Amino acid sequence: MGKLSHLSQLDLSHNLLTGGIPPQIQGLQSLEMLDLSHNNLCGFIPKAFEDMPALLYVDISYNQLQGPIPHSNAFRNATIEVLKGNKDLCGNVKGLQPCKTHSILDEEPAKKGHKVLFIIIFPLLGALLLLFAFVGIFLIAERRERTPEIEAGDVQNNLLSISTFDGRTMYEEIIKATKDFDPMYCIGKGGHGSVYKAELPSGNIVAVKKLHPSDMDMANQKDFLNKVRALTEIKHRNIVRLLGFCSYPRHSFLVYEYLERGSLATILSREEAKKLGWATRVQIIKGVAHALSYMHHDCSPPIVRRDISSNNILLDSQYEPHISDLGTAKLLKVDSSNQSKLAGTVGYVAPEHAYTMKVTEKTDVYSFGVIALEVIKGRHPGDQILSISVSPEKNIVLKDMLDPRLPPLTPPDEGEVVAIIKLATACLNANPQSRPTMEIISQMLSQRI
């Protein structure tokens, strides 16, 4: 990449990059804009940036970088917003600590005078050091009462982790950020554990799902870890990223990216639902369809979510949907019966799954149909599902399917909403084989809307 001498803009943000910034970046002599934010880059910033005269803008926020920032126009004119979230940067930018300088030349002329001063004040300094030592011991003891103590050796020896970060560091930071999973940091509870909000020292905020002990069956540990490893590799804009997994005798938890607006179910139940206009709701349905299509048709082996509902669809600041918590997802294996214990939320799980226990992609298709109607209606369709699945043509009245909190449909909106309702009813067909695939649904939504 260092040989792309005519490249003018490079955006590598949000890519989980690790290691140091390579000095070969100096070869990008035409580069004007560089965004390396929200990665895991570490070490010092190379002085190679000082030999890149064309570079006007750089964003290195939310990494693990340290040391002085380079003396170049891009960094000299930078604001704290593009530098924050790192370990220990310094430099002449408002909001950063100035770098400490030390000159040997300045030290020599003062040596003789300093010798006299040391002879006079050395005993006094010794007394002060003893005092500071006692104060330090007191503060450390007090901090240990407030902050959970972690035995570093035990963590290193007994910690089992699969992570995009350093597993041991992540474990320690999360325990401290949540004060050993204090209830005040809990933001939700589910069948497999409780979810906590943790703000890490880097400034990043993550959602931590602390698993119930029953979900860590040592007999099936290999299968579980293989599943977690596969899930960390999933990258789709409409799927919440699984950042890692940590298991230690005291705690086992999954670490996800944090989405600020919470669940779709919560928003639909509040006044905030009025902010979800028809166009926004169409985009939410479309995003969920794309995510499920990716899981079913672009992942190998395919992933069936099984327990998808409006409770585990999270929205970001732009109301973009993200399917969350793939902990109950089943990784399908080719040429297997795919039998599994019942996992699903009442009102969303496909009827055949309850009596056959067979997991297929059509299970998620049914759940998607329910969610699509829920988004349009503003609440769960309830008993309407049964009449729709039996005879959709006779039992659908458009005004009964719409959220009364929103303004009337405009002609363009009406065409899109009607198309979604028709797709949703096809997903609720009592015969699983008659339901469309998520790939077909995703394609139809992309073409129609």
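**Briefing: polar contacts, salt bridges and surface features**

The side chains of Glu-374 and Tyr-348 make a polar contact at 2.7 Å (a pair of N or O atoms within 3.5 Å; within protein, one must be able to donate a hydrogen and the other to accept it, and residues adjacent in sequence count only if both atoms are side-chain atoms). The model is predicted, so local features need pLDDT of at least 70 and side-chain atom pairs count only at pLDDT 80 or more, while totals for chains, interfaces and linings use all residues. Residues are numbered from 1 along each chain as its sequence is written, and side-chain values use heavy atoms, with hydrogens and water left out.

**Glu-374**

- Glu-374 sits in helix H10, residues 361-377 (helices are DSSP runs of H or I with at least four residues, strands are runs of E with at least two, and both are numbered from the N terminus).
- Glu-374 is buried and has no salt bridge (buried means under 20% relative accessible area, exposed over 50%, partly exposed in between, with a 1.4 Å probe and protein chains only).
- The nearest side chain of opposite charge to Glu-374 is Arg-405, 8.8 Å away (Lys and Arg count as positive, Asp and Glu as negative; His and the chain ends are not counted).
- Leaving aside neighbours within four places in sequence, Glu-374 is in contact with Leu-268, Ser-310, Tyr-348, Arg-379, His-380 and Pro-381 (contact means heavy atoms within 4.5 Å).

**Salt bridges**

- Side chains of opposite charge can pair when their charged atoms come close.
- The structure holds 9 salt bridges (a side-chain nitrogen of Lys or Arg within 4 Å of a carboxyl oxygen of Asp or Glu).
- Glu-81 and Lys-84 form one of them, at 2.9 Å from N to O; Glu-81 is partly exposed at 46% relative accessibility, and Lys-84 is partly exposed at 31%.
- Arg-237 and Glu-320 form another, at 3.5 Å from N to O.
- Arg-237 lies in the loop between helix H6 (221-232) and strand E12 (242-247) and Glu-320 in the loop between strand E15 (313-315) and strand E16 (321-323), so this pair ties together parts 83 residues apart in sequence.
- Arg-237 is exposed, because its relative accessible area is 60%.
- Arg-261 and Glu-272 meet in a salt bridge at 3.2 Å, N to O.
- Arg-261 is in the loop between strand E13 (252-257) and helix H7 (264-268) and Glu-272 in the loop between H7 and helix H8 (278-297), so the pair ties together parts 11 residues apart in sequence.
- Both partners are partly exposed: Arg-261 has a relative accessible area of 30%, and Glu-272 has 22%.

**Positive phi**

- Most residues other than glycine have a negative phi.
- His-14 has a positive phi near 55°; His-14 lies in the loop between strand E1 (9-11) and strand E2 (18-19) and is partly exposed at 44% relative accessible area.
- His-38 also has a positive phi, of about 55°; His-38 lies in the loop between strand E3 (33-35) and strand E4 (40-44) and is partly exposed at 30%.

**Nonpolar surface patch**

- Leu-124, Leu-125, Leu-128, Leu-129, Leu-131 and Phe-132 form a nonpolar surface patch with about 600 Å² of accessible area together.
- Patches are made of residues with over 30% relative accessible area and no salt bridge, with nonpolar side chains (Val, Leu, Ile, Met, Phe, Trp, Tyr) joined within 5 Å and like charges within 9 Å.
- Accessible areas come from the Shrake-Rupley method with a 1.4 Å probe; for residues, only the protein chains shown count as cover.
- Leu-129 lies in helix H3, residues 111-146, and counts as exposed at 59% relative accessibility.
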